[in-house]
Amino acid sequence: MKLQILLSDPVDALPVMAADQALLHMMARGKKQWLDMGWEAYLCQQFGVSKQQDWPIAALSRLGADLPADHAYWMLASPVHLLLQRDSFALSQPAPLALSIDEREALRNSLNRHFDGEGLEFMPGAQGHWYLRLQSMPALATTPVEMVAGRDITSCMPQGDDAQRWRQLVNEMQMLLFSHEVNQAREARGELAANSVWLHGGGILPGKGQPLNCAAVYSEDVSVKGLAILAGLRHATVTNLHAVLQDAQALAVVQSAYASLGAGWSSVCWHALRARRLQQLDLYFPWFDRMLHVRLKPMDVYKFWRKPIALEAYLDGSDHTKKY
């Protein structure tokens, strides 16, 4: 069996990961390479979905959430908090901002009232996002919010022939949100205000591509579920790695937060490699706009001369062009 694991939250989970001895041993003994893409781009490519102006994550998310995607152009609209720095803005974490259902709906309804007649419709979404339905396709390329969270947004602003118009629209959104009663109440409680909207993941629902030879996909992310549905593959949520390994697929793909993989998941993988129940393990660690790929085969676990080092050495401050 071959297994691919794409961690969705290595930035947030870094302190816990840094204490995971089995993971540190796998990092030391596997072959490592930096990829110039995030996990969304990687999975779209693996499942035969082509990039449009963006990777069409919004339309795939609607498919995965059992919502109609029709032939419209869809974007993800994420409520976020922009933090003023000396001469720029940074996008605060978490992104999207954690809002209550009532807060999300109040802000969404206000946005729809304001932009009525502009060809924009904000619709309820999943995983903290809204869906933005457009009547026409903009000439606009965007950056996924996961790649921007915690960073200066200057180099991540929308690009394309329509970028100036969309920057003006986002400025209008910011002015509306600035004085909104939801944000006034949040600030009074000492909580971050949802003072901006980050637009990303635009596209129309693609046709069926040429997916990798995979039997099952495990993820709680609705866009990944959408990819599986598009490819005609079995999809399930992640319970723990024991269940995935017992499924005995030729190749399984798992996309998950670190904690959702279950206690001791890295030890499970380590022992499965030693017992040759895993012929190949591929670990992917998205790190802002890049991704570290670690590949292990059973023989690698016996490379005792490769000693574990601090996880931060691979991620923070490392040479991201290095293959080692």
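Entry 1. Working with a predicted model, I looked up helix H3 (residues 39–46) and helix H9 (residues 222–231), whose axes come within 10 Å and cross at roughly 5°. Angles under 35 degrees count as roughly parallel, and H3 and H9 are therefore roughly parallel to each other. I then listed the residues that make this contact, which are Trp39, Leu43 and Cys44 on the H3 side and Ser223, Val224 and Leu227 on the H9 side. Sorted by class, the contact of H3 with H9 has five nonpolar residues and one polar residue, with no charged residues.

Entry 2. I turned to helix H5 (residues 101–114) and helix H7 (residues 163–178), and found that their axes come within 11 Å and cross at roughly 130°. That angle makes H5 oblique to H7, and the crossing in which H5 passes H7 is right-handed. In this contact Leu107, Ser110, Leu111 and His114 of H5 meet Glu172, Met173, Leu176 and Leu177 of H7, and by class I noted five nonpolar, two polar and one charged residues.

Entry 3. I looked up the largest pocket, for which I noted a volume of about 810 Å³. Its lining has 31 residues, and Ser8, Asp9, Asp12, Ala95 and Glu146 are those nearest the centre of the pocket. By class, the lining divides into 14 nonpolar, 10 polar and seven charged residues.

Methods: Residues are numbered from 1 along each chain as its sequence is written. This is a predicted model: local features need pLDDT of at least 70, side-chain atom pairs count only at pLDDT 80 or more; totals for chains, interfaces and linings use all residues. Side-chain values use heavy atoms; hydrogens and water are left out. Axes are lines fitted to C-alpha atoms, for helices over the stretch in contact, and angles run from 0 to 180 degrees between N-to-C directions. Helices (H or I, at least four residues) and strands (E, at least two) are DSSP runs, numbered from the N terminus. Angles under 35 degrees count as roughly parallel, over 145 as roughly antiparallel, 65 to 115 as roughly perpendicular and the rest as oblique. A crossing is left-handed if the near helix is turned anticlockwise from the far one by less than a right angle, and right-handed if clockwise. Contact means heavy atoms within 4.5 Å. Ala, Val, Leu, Ile, Met, Phe, Trp, Tyr, Cys and Pro count as nonpolar, Asp, Glu, Lys and Arg as charged, and the others, Gly among them, as polar. On a 1 Å grid over the protein atoms alone, a cavity is a set of points where a 1.4 Å probe fits but cannot get out, and a pocket is an open set with protein on both sides within 12 Å along at least five of seven lines; lining residues have an atom within 4 Å of a point. Grid points are joined across faces, edges and corners, and a volume is the space filled by probe spheres set on the points.
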